[in-house]
Amino acid sequence: QVQLVESGGGSVQTGGSLRLSCAASGLTVSRYRMAWFRQFPGKEREGVASISPSGGRTTYADSVKGRFTISRDNAKNTLYLQMNNMKPEDTAMYYCAAASSQSWSSWVTLASSEYSYWGQGTQVTVSS
């Protein structure tokens with residue numbers, strides 16, 4: 001049974017930093033395309049960052065490029081999202097996601113339809 005458990009959310013001031021973690025069980029993060037999404041109240045989830053299972057290829061939403069970094073620790077089987085220079089518009093619920101099956105492809109995507117496993121989310125609030 002696959003479980004993704006996010007942690008690290010909280011409140012931070014504009015310009016501050018947070019690091020989100022996603023501890024995975026039931027799958028090996030280095031073998032799955034993984035991603036972070038966020039959801040604003042009343043809106044659809046939007047992709048923030050994705051990382052390929054092999055080669056570490058990444059992609060980011062334009063709104064976070066240069067500020068957020070997705071990475072993983074294979075030994076800890078954990079996905080991370082380092083968020084720097086945060087803005088009030090980053091305030092949202094953040095979710096970790098994994099593709100439905102293992103892959104050795106370098107393809108990355110921010111389309112939510114390409115992910116089957118989801119965590120419960122962690123709230124991030126940025127105050128001005």
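Okay, hi everyone. Before we start, keep in mind that this is a predicted model, where local features need pLDDT of at least 70 and side-chain atom pairs count only at pLDDT 80 or more, while totals for chains, interfaces and linings use all residues. Residues are numbered from 1 along each chain as its sequence is written, and side-chain values use heavy atoms, with hydrogens and water left out.

Let's begin with charges. A salt bridge here is a side-chain nitrogen of Lys or Arg within 4 Å of a carboxyl oxygen of Asp or Glu. How many salt bridges does that rule give? The count is five, and I'll walk you through some of them.

Take Glu46 and Arg38, whose side chains pair up at 2.8 Å, N to O. I'll also say how open each residue is: buried means under 20% relative accessible area, exposed over 50%, and partly exposed in between, using a 1.4 Å probe and protein chains only. Arg38 is buried at 3%, whereas Glu46 is partly exposed at 28%.

Next up, Lys65 and Asp62 form a salt bridge at 3.1 Å, N to O. Asp62 counts as exposed, with 66% relative accessibility, and Lys65 is partly exposed at 49%.

Now for Arg67 and Asp90. Their closest N and O atoms are 2.7 Å apart, in another salt bridge. This one links distant parts of the chain, 23 residues apart: Arg67 is in the loop between strand E6 (58–60) and strand E7 (68–73), and Asp90 is in the loop between strand E8 (78–83) and strand E9 (92–98). Strands (E, at least two residues) are DSSP runs, numbered from the N terminus. Are these two buried or exposed? Arg67 is buried at 8%, and Asp90 is buried at 1%.

Last stop, Ser50. You'll find Ser50 in strand E5, residues 46–51, and it is buried, with a relative accessible area of 0%. What does its side chain make a polar contact with? The partner is the side chain of Tyr115, at 3.0 Å. A polar contact is a pair of N or O atoms within 3.5 Å; within protein, one must be able to donate a hydrogen and the other to accept it, and residues adjacent in sequence count only if both atoms are side-chain atoms. A polar atom of the Ser50 side chain also lies 3.4 Å from the backbone oxygen of Thr109.

That's it from me, thanks!

Key:
Helix = DSSP H or I, 4+ residues; strand = E, 2+ residues; numbered from the N terminus.
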